[in-house]
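User: I would like to learn how to read charged pairs, strands and cores in a model. Can you walk me through one?

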Amino acid sequence: MFAAVCKHCRSMSELYNHATQRWRNKQLPPMLLIPKQDDNYRRVVYSISEGRIYNNIRLQVPFSRRCCGSSHGWFATVDVEQRHPVVVLRNPFTKAKPIFLPPLRTIISHDDPPYHEHYVRKVILSADPTMNPENYVVVALYGRFFMLAFIKAGQNNWTYPIPNGIFDDVIFYKSKVYALETYGEIESLDVFSSDSPRLKLRTPYKPFPSCKFLHAYLVESTKGDLLHILRFYASSDGHFRYDARRQTTHFIVYKWVYEDGGSIGHKVEVKSIGDEALFVGGNHSISVLASKFPECQPNSIYYTDDYFSNWPTLHSDEPFDMGIFNLEDGTITQHYSPHSNSQRAIWVVPPFNGL
């Protein structure tokens, strides 16, 4: 039995590596999933490289739902069941049925029943459930303080690593989960192992000082480096208030270096990412070579509005902070201007056979 479990874990890890390699070889351009203004039940995609909306492709992702994740062409939304958030996976590019995962163990407070979607910050997948229905892993940052949980295909319950943490972002990197804590620490987790899962610290404690209006992401570069992206905000009116809107001012990029197989890395600031373009937001972070796509800017970070509030009564989900940050000159330009009173856009990688 133990040998069978180990074989299954190796199979899941190999599928993850294969999917990553397939993505690297194909290098499809990320697109924006945006609401279709005249249809409350469908969304459309906007091509950054082509600068146009595919109006003929209307995707069945509920207009009113917040997307809390995008991986391998699948989107995550949140339902509620007896005051527990339920992650629902949808692939609007195929005819695959939605996947309803078991309820997470956090309880939605009585004061926040309309805001159950804010109890799940981000969801990522290790592989495409359509292609690998028995071999994929789902990771969620959940609860009021965004702890980590994961579940494997076919399981009836989430796994909650102990001890846990308070996380800002999470990615799959080199067959493991890498999760980013609030003060910048990075922890890894081998979700493909048959052993009891434990988070492993991979950076010094508090590698960055506490900063107001700061968010961060982890991204795997096209070269396989682990990049740490810091996003800085300022309030739109210059005063700190819980109900004040935030506007992105700039980004700083670091690379984590692990020498001689060491478990604790050290950071190096990266002034230029060369031909790469990074896509960050509510999605599983993406890196591409800009030279492969017309109109894609190199040495730039494409970002969406994913500011996440613990006070949803004070902050709407209306998008207004989206753009392209150029690392060379520090300028910010727009990639898509959203309509008002709409849900936020999210990056998506279309199926490999295109649209």
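Analyst: Gladly. Keep in mind that this is a predicted model. We start with a charged pair. Arg 231 and Asp 306 form a salt bridge, with 3.0 Å between the closest N and O atoms.

User: Where do Arg 231 and Asp 306 lie in the chain?

Analyst: Arg 231 is in strand β16 (residues 226-235), and Asp 306 is in the loop between β21 and β22 (323-326), so the pair ties together parts that are 75 residues apart in sequence.

User: Are Arg 231 and Asp 306 buried or exposed?

Analyst: Both Arg 231 and Asp 306 are buried. For Arg 231 the relative accessible area is 0%. The cut-off for buried is under 20%.

User: Which other residue forms a salt bridge with Arg 231?

Analyst: Asp 321 does, and the closest N and O atoms are 3.3 Å apart. This pair also links distant parts of the chain: Asp 321 sits in the loop between β21 and β22, Arg 231 in strand β16, 90 residues apart. Asp 321 is buried, with a relative accessible area of 1%. Read the three residues together: Arg 231, Asp 306 and Asp 321 are linked in a network of salt bridges.

User: How many salt bridges does the structure hold?

Analyst: Five. The general idea is that side chains of opposite charge can pair when their charged atoms come close. Take another case: the side chains of Lys 122 and Asp 169 meet at 2.6 Å, N to O. Lys 122 belongs to strand β8 and Asp 169 to strand β11 (residues 167-173), 47 residues apart. Lys 122 has 4% relative accessibility, so it counts as buried. Asp 169 has 0% and therefore counts as buried too.

User: Now strands. How do I read the directions of side chains?

Analyst: In a regular strand the side chains alternate between the two faces of the sheet. Look at β19. Glu 276, Leu 278 and Val 280 point one way, while Ala 277 and Phe 279 point the other way.

User: Why is β19 called largely enclosed by the rest of the structure?

Analyst: Because five of the five residues of β19 (residues 276-280) are buried.

User: Which strands pair with β19?

Analyst: Strand β20 (residues 286-289) runs antiparallel to β19, joined by four bridges. Phe 279 has Ile 286 as its bridge partner in β20. Strand β21 (residues 300-303) pairs with β19 in the parallel sense, also over four bridges. There, Tyr 303 of β21 is the bridge partner of Val 280.

User: Last topic, the cores. Which residues touch the most other members of the largest nonpolar core?

Analyst: Val 87, Leu 89, Leu 101, Leu 104, Val 123, Val 138 and Trp 158, out of 22 residues. Elements that give two or more residues to this core are β5 (74-81), β6 (84-90), β8 (120-125), β9 (137-142) and β10 (147-152).

User: What is Trp 158 in contact with, leaving aside its neighbours within four places in sequence?

Analyst: Its contacts are Val 87, Leu 101, Pro 102, Pro 103, Leu 104, Val 138, Ala 140, Ala 149, Phe 150 and Ile 151.

Conventions
Residues numbered from 1 in each chain as written. Predicted model: local features only at pLDDT ≥ 70, side-chain atom pairs only at ≥ 80, totals over all residues. Heavy atoms only, no water. Core = buried A, V, L, I, M, F, W, Y, C linked by side-chain atoms within 4.5 Å. Buried < 20%, exposed > 50% of the residue type's maximum accessible area, 1.4 Å probe, protein only. Contact = heavy atoms within 4.5 Å. Pairing = 2+ DSSP bridges. Salt bridge = Lys/Arg side-chain N within 4 Å of Asp/Glu carboxyl O.
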